Amino acid sequence: MGRARLGALVGLARIPGGPSRPMRPLAAILLALATSACLAPRSSPPRARNVIVVLTDDQGWADLGCLGTPGIVTPSLDRLAREGARWTDFYVAQPVCSASRAALLTGCYPQRIGIAGALGPRSAVGLADGETTLAELCAGRGLATALFGKWHLGDAPAFSPLRHGFQRFQGLPYSHDMWPHHPESPDAWGDLPLLDGERVVAWNADPARYTREFSQQALAWMRGELAAGRPFFLYLAHPLPHVPLAASADFRGRTGAGLYADVLAEIDAGVGALLEELERHDAARDTLVLFTSDNGPWLSYGDHAGSAGILREGKGTTFEGGVRVPCLVRWPGVIPAGRMIRAPAMTIDVLPTVARALGAPLPELPIDGRDLLPLLTGASEESPHPALFFSYGDSALEAVRAGRWKLHFPHGYRTLRGPPGRGGIPGAYDHGARIGLALFDLESDPGEQHDVAAQHPAIVAQLTALADAHRAELGDTLTGIVGRANREPGRP
Ligand code: MG
């Protein structure tokens, strides 16, 4: 381990004079202390005081300014990438809202805990009481907890975020297109509540409020916790850039690149304000900040959808465009600045990673995620998972990734039938598209265009065996296999 790294770990990045000049006594003592601390990492692992998770909705893998995507302006997210780690191959467990959030908040594949797809209003299921959420894990370590934004793990009072570890909640119980102004099915949904805790404070609120208000509420709450000297877990789950898109007056037209880019710019500004507030309180080095999206872009919305770049398809499919998302993680002094991580990981890993960062115990019930700190710090370059599994809908196991390889099992999927939509009106999907057994080498073919299953039968057999073991544990509706380890969802 180099001296710069040692110094960075204990906040001593700049020792006067540098290594080539005789060291001043104080610097020598400090370096010796740093060295002894790093020689015994198991007895003194780095500890985070605060945790911030910012989740966006339907933001595509390519929708970061630092990737050079035309029109996308995200200076604060780019700053996170510059000052922390950026993942190239980071995934959600299902390419759809509720299942994806269930995985993020519990560390489990959604089928393990009985959450599939996107829950609608008056859902018959929700997050079970027996599951340990990220908020409960943090609260157990004495952190104040709050959610601003979208919950989407059951709208019955029994499933409220306040019953799952969040001490404060302001936001939406489910997606904000589930309302009477839906462009295709206005009669399918009732009025959409905006909640403060379990109290409705508005019905069918203007979506142009959401990004600004949730950012401001999150900032104000965090400022209060910092001023009070309380450690905290902030979960800022923006309902956008999911449709219907809207930006506040300050941001509408800001980028000149369309409403989608304006919305992302407003989300980005909120992240920037959080980072500045951490600095004002000298709390950046105590705070693990993670940014990601719940699934890929909703491509049928055309100019109101994001971009997965070179990746195939988008939200609602287990192709890379549906399940691979941006992921940025900053923890100054622990995660090297500008680190790029290629080893595959998934949102199921967030909970065990936070547990390790806080020194918190893992949930008592089995989970699927793994600690990512070795990857984040650079101690490892290997994925902690032998394989990652992608399911969709009613928990159909559609694909598996191991190393550079991704194997799709025969399944149907949706793809655009004609031109994408415009102005918030979606284009039409063909829901009858199908893919057979197909193997892709994601290193040479990240766009999943060239099936090489015939050339690599041994790889196909290996990935199939991994999938068989996963099916035996958690089930698979494609093959009809019933899992042995699934847990029941909550019921109101
Ligand atoms: Mg989503």
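How many residues has helix H6, and how far does it reach from its first C-alpha to its last? I put this to a predicted model. Helix H6, residues 210–228, has 19 residues and reaches 27 Å, close to the 27 Å expected at 1.5 Å a residue.

**Entry: burial along H6**

I looked up which residues of H6 are buried and found Tyr210, Thr211, Phe214, Ser215, Ala218, Met222, Glu225 and Leu226. Seen down the axis of H6, these buried residues fall within an arc of 115 degrees, so they line one face of the helix. An α-helix has 3.6 residues a turn, so residues three or four places apart point the same way. On the face turned away from the buried side I noted the exposed residues Ala220, Ala227 and Ala228.

**Entry: surroundings of H6**

I then asked what covers the buried residues of H6. After H6 I came to glycine 229, whose phi is positive, near 75 degrees.

**Entry: the four-stranded sheet**

I traced an open sheet of four strands in the order E14-E15-E16-E19, with antiparallel pairing. Its edge strands are E14 (388–392) and E19 (438–441), each of which pairs on one side only. I recorded an average twist of 20 degrees from one strand to the next. E14 pairs with E15 (residues 396–402) in the antiparallel sense over five bridges. For tyrosine 392, I found the bridge partner in E15 to be alanine 396.

**Entry: the helix across the sheet**

Finally, I examined helix H11 (residues 457–474), which lies across E14, E15, E16 (405–408) and E19. H11 runs at about 130 degrees to E15.

Note on methods. Residues numbered from 1 in each chain as written. Predicted model: local features only at pLDDT ≥ 70, side-chain atom pairs only at ≥ 80, totals over all residues. Helix = DSSP H or I, 4+ residues; strand = E, 2+ residues; numbered from the N terminus. Expected span 1.5 Å × (residues − 1). Buried ≥ 20, exposed ≤ 12 C-beta atoms within 10 Å, placed from the backbone. Arc of directions from axis to C-beta. Contact = placed C-beta atoms within 7 Å. Pairing = 2+ DSSP bridges. Axes fitted to C-alpha atoms, helices over the stretch in contact; angles between N-to-C directions.
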